[in-house]
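I am opening my notebook on a structure I have not looked at before. I will write down each thing as I look it up.

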Amino acid sequence: MNEHVTLSPAEEPVTIPNTRKVFIKTYGCQMNVYDSTRMGDALASEGYVATEEMGEADLILLNTCHIREKAAEKVYSALGRLRDMKKARAAEGRELMIGVAGCVAQAEGEEIIRRAPSVDVVIGPQTYHRLPDALRKARGGKPVVDTEYAVEDKFDHLPATDRKLIRARGVTAFLTVQEGCDKFCTFCVVPYTRGSEVSRPISQIVDEAIRLVESGVREITLLGQNVNAWSAEGPTGNDWGLADLLYRLAEIPGLARLRYTTSHPRDMDDRLIEAHRDLRILMPYLHLPVQSGSDRILKAMNRRHTGAEYLALIDRIRNARPDIALSGDFIVGFPGETDQDFEDTLKIVEDVNYASAFSFKYSTRPGTPGADLTDQVVEEVKAERLERLQALLLKQQADFATSCVGKTIDLLLEKPGRMPGQVIGRSPWLQSVNVDAKTSQIGEIIRVRIIGTGPNSLFAEPAESLMGA
Ligand code: 5AD
Ligand code: SF4
């Protein structure tokens, strides 16, 4: 007899297995990727194991993104399919719980339950440490919506990641150090969905980094919506910026590489630029979005810098670290963007010469100042501009890859390749590189010579094999 289980007579008993499986689908940026791993941690301590097979999951969690339009619609159509799956499961007497997390959860809240009543839990990016609790409550039958900004620090309440889990996740890892944004670019929902800037304290970050490294991680990417705005009180009561944090993390024995993303040009201070010159552990790669090359549009976007200021900054960064690869984000068709404004964007791309980039058509986000602007650019013009911009950016990306051929570089061996005997590594410039190596070498950094380029990756041979040849 089990005295603790009560079922109302109207309800069908459902079988709840001892070990539950969770399938997490992640949309959007790297911060969501990190959040998904941390939600996985919170659930692991509740007995959930992750599965890659949606069909065998007892809990399906959608970690959603709200940055561009249609994101919410995509989530609702995914939820429609999950509702059918849940019904089919119930007919078999098996449980399926459905959770919505991330920025759509934050923005839509209760609305999600109204439109998709099969959802059990809606949890915001600031509250996912309360996910196990929410699931327990929802199991009582009533859906739970928890998107209040947490007063407590969620990271204090999450269990430290299990070392076995870190190992399984590989030799590169993300570590969120900062969340939210105070910049209020007029096109962007982030300040509304993720809230204002919050920096994690130094000790929390260092502890997490040490744990990652002790579990086999060699490369850490520090994450934040505005990561270079990270700040905290240093050990002697002084102010620390991101550069100080990088120097501190560089002291961790066994850590081989550091990166950070995403940065705002206004927060690239002198010390951070010097760190690119002096700190070998800091990889020569920087994602520094400019969005547009037109001063008029930059002003309308509230970016608070001009094209010339951005170019001067790029010069200083390149002087400090000549081999740095630059990456950026661009928006075409912001309201009021003329042909000339767009030409200015192409011009700044030519001037900078990017190693990689992301470009998007402007998408109206309700609640942002951009949504109130009247002179919206028509869809065909946006599409045509995006095509031209992407052709230029793709050419620069291909030229950059080609320029790597013949170079001898350090390669961090990351995961098995598609062919037996091949391993995929990561170059200092964040490219995937295929090389002949043993999977037992994963985690090592080896010298290789780049010998060719593929559509999305490079080919290399171990540099040692060249010796004496
Ligand atoms: N429309 C199109 N692109 C956007 N981004 C942010 N908001 C929008 C929007 N409303 C792009 C920016 C940003 C990247 C993460 O997404 O380029 O840097
Ligand atoms: Fe959005 Fe601008 Fe903040 Fe980036 S800096 S998250 S684009 S508001």
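**Two helices in contact.** I started with helix α11 and helix α13. From α11, I listed Asp270, Ile273, His276 and Arg277 as the residues that meet α13. On the α13 side, I listed Leu313, Arg316, Ile317 and Ala320. By class, I counted four nonpolar, one polar and three charged residues in this contact. Then I looked up the geometry. Helix α11 covers residues 270-278 and helix α13 covers residues 307-320. The two pack at an angle of about 35°, and their axes are 7 Å apart. I note here that the model is predicted.

I stepped back along the chain to Asn302. Asn302 sits in the loop between α12 (295-300) and α13. I checked its backbone: phi of Asn302 is near 60°, a positive value in a residue other than glycine.

Next I went to Thr262, in the loop between β13 and α11. The peptide bond that joins Thr261 and Thr262 is cis. I read omega there as about 0°.

**An open sheet.** From there I turned to the sheet that holds β13. I wrote down its order as β7-β10-β13, an open sheet of three strands with parallel pairing. Which strands stand at the edges? They are β7 (172-176) and β13 (257-261). Each has a single partner strand, so one side of each is left without a neighbour in the sheet. Neighbouring strands here are turned by 25° against each other on average, direction ignored.

I looked at one pair in detail. Strand β10 (residues 219-223) runs parallel to β7, and five bridges join them. In one of these pairings, Thr176 has Leu223 in β10 as its bridge partner. Helix α1 (residues 30-44) packs on this sheet and touches β7, β10 and β13. The direction of α1 makes about 95° with that of β7.

I followed the chain to Ser45, in the loop between α1 and β2 (48-50). The side chain of Ser45 reaches back to the backbone oxygen of Ala42, at 2.8 Å. I also compared Ser45 with Arg139. They are 94 residues apart in sequence and 17 Å apart in space, C-alpha to C-alpha.

**A barrel.** Five strands close into a barrel in the order β17-β18-β19-β21-β20, with mixed pairing. The twist averages 55° from one strand to the next.

Strand β18 (residues 422-426) and β19 pair in the antiparallel sense over five bridges. Here Val423 stands opposite Val435 in β19. Strand β19 (residues 432-436) runs parallel to strand β21 (residues 458-462), and two bridges join them. At this pairing I found Asn434 opposite Phe459 in β21. Strand β20 (residues 445-453) pairs with β21 in the antiparallel sense over five bridges. Ile450 has Ala460 in β21 as its bridge partner. How many residues does the hairpin use to join β20 to β21? I found four.

**Ligand 1.** I turned to the ligands. Around ligand 1 I listed Ile67, Arg68, Phe187, Gln291, Asp329, Ile331, Phe360, Lys361, Tyr362, Ser363 and Arg365. By class, that shell has five nonpolar, two polar and four charged residues.

A polar side-chain atom of Arg68 lies 3.0 Å from an oxygen atom of ligand 1. A polar backbone atom of Phe187 is 2.9 Å from a nitrogen atom of the ligand. An N or O atom in the side chain of Asp329 is 2.6 Å from an oxygen atom of the ligand. On its own, ligand 1 has 400 Å² of accessible area, and the protein covers 86% of it. Which elements give two or more residues to this shell? They are β15 (325-332) and β16 (356-361).

**Ligand 2.** My last entry is the shell around ligand 2. I listed Cys181, Lys183, Phe184, Cys185, Phe187, Cys188, Val190, Pro191, Asn226, His264 and Arg303. These residues divide into seven nonpolar, two polar and two charged. I see that Phe187 is listed around ligand 1 and also around ligand 2.

How values were computed:
Residues numbered from 1 in each chain as written. Chains lettered and ligands numbered in written order. Predicted model: local features only at pLDDT ≥ 70, side-chain atom pairs only at ≥ 80, totals over all residues. Heavy atoms only, no water. Near = heavy atom within 4 Å. Polar contact = N/O pair within 3.5 Å; in protein donor to acceptor, adjacent residues only side chain to side chain. Areas by Shrake-Rupley, 256 points an atom, 1.4 Å probe, with all protein chains shown as cover. Nonpolar A, V, L, I, M, F, W, Y, C, P; charged D, E, K, R; others polar. Pairing = 2+ DSSP bridges. Axes fitted to C-alpha atoms, helices over the stretch in contact; angles between N-to-C directions. Contact = heavy atoms within 4.5 Å.
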